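Subject: Handover of a structure

Dear colleague,

Please find below the structure that I am handing over to you. My notes on it follow directly after it.

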Amino acid sequence: MTKPPAPTPPKFPRGGVRAPSPDQIEDEATLRGALFEGGDWPALAALHSVTFAGCVFRRVNLTGSVWERVRLLDVRFEDCDLSGARWTDVSLERVEVAGSRLLGLQAGGVRLRHVRLTRVHAPLSVWQRADAAHLHLNGCDLSEASFMEAKLPGAVLRDCRLHRTDLRGAQLDGADLRGSALGGLRAGAADLQGVTVEAAQVLDLAHLLGVTVAERPGNA
């Protein structure tokens, strides 16, 4: 089996990142090498057609924020809270999200290229019709999240919680779910074609394959 290539990490300016002035944050702006750190940033609550390039978000509260046509290029989120945020026509390329909360994030149709999520808490998040390539998720809680009809070829979901996660209609050829908790996973047998799992996980998938698992009766 060919190992899926790891995502390319973000690239940041050689001179480092620095806090932007408030008047730089406006619709249709491009922010380069910006550092958003700590607490609330009211200017980030609602954005339209903004590009963040080579930027870092650190311990920022973005709960309930509304971003439309936002592009994230070479960006890192560290210990941020994006719970209840709504992303429409948002694109992520070379993006890392670590130790953050994405509870109930609405990201239907998001474009993901070279994206890595690590220790992210994202139950009830919505990623329907997401279009992903080079996507790695490590140690994430995706309980009751929805990836219906998403394109996830070669995605790696390692040591993730996928309790009642909805993968119906998703394209998962070459995806790797080894080490993840699959109890209650919502998918059809056809959806799991080409997916790699460990032998110990097959029992959790038996109900999706129409298989009954029972102990062999002993000899009378």
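Asp-79 is partly exposed, because its relative accessible area is 46%; in these notes buried stands for under 20% relative accessible area, exposed for over 50%, and partly exposed for what lies in between (1.4 Å probe, protein chains only). This residue belongs to the loop between β6 (71-78) and β7 (86-88), where helices (H or I, at least four residues) and strands (E, at least two) are DSSP runs, numbered from the N terminus. Although Asp-79 is not a glycine, its phi is positive, at about 55°.

Glu-144 also has a positive phi, near 60°, and is a residue other than glycine. Its place is the loop between β10 (131-138) and β11 (156-158). With a relative accessibility of 44%, Glu-144 counts as partly exposed.

Please note that this is a predicted model, in which local features need pLDDT of at least 70 and side-chain atom pairs count only at pLDDT 80 or more, while totals for chains, interfaces and linings use all residues. Residues are numbered from 1 along each chain as its sequence is written, and side-chain values use heavy atoms, with hydrogens and water left out.

Along the sequence their order is β-β-β-β-β-β-β-β-β-β-β-α. The C-alpha atoms fill a box of roughly 80 × 30 × 25 Å along the principal axes.

Of the 220 residues in the protein chain, 46% are buried. Among the contacts (heavy atoms within 4.5 Å) with a separation of 6 or more, 9% are between residues 24 or more positions apart.

Which residues does Ser-65 touch, not counting those up to four places away in sequence? They are Leu-44, Ala-45, Ala-85 and Arg-86. Ser-65 itself lies in the loop between β4 (51-61) and β5 (66-68), and it is buried, as its relative accessible area is 3%.

The aromatic residues deserve a separate paragraph. A pair of aromatic rings is described by the distance of the centres and the angle of the planes. Rings of Phe, Tyr and Trp (its six-membered ring) pair if their centres lie within 6.5 Å; planes under 30 degrees apart count as stacked, over 60 as edge-to-face and the rest as tilted. The count by this rule is nine aromatic pairs. In one of them, the ring centres of Phe-36 and Trp-41 are 5.1 Å apart and the planes stand at 80°, so this pair is edge-to-face. Phe-36 is buried, with 0% relative accessibility. The rings of Phe-57 and Trp-67 have centres 6.3 Å apart and planes at 50°, so that pair is tilted. Because Phe-57 lies in strand β4 and Trp-67 in strand β5, the pair ties together parts that are ten residues apart in sequence. Both Phe-57 and Trp-67 are buried. Ring pairs join Phe-36, Trp-41, Phe-52, Phe-57, Trp-67, Phe-77 and Trp-87 into a cluster.

With kind regards
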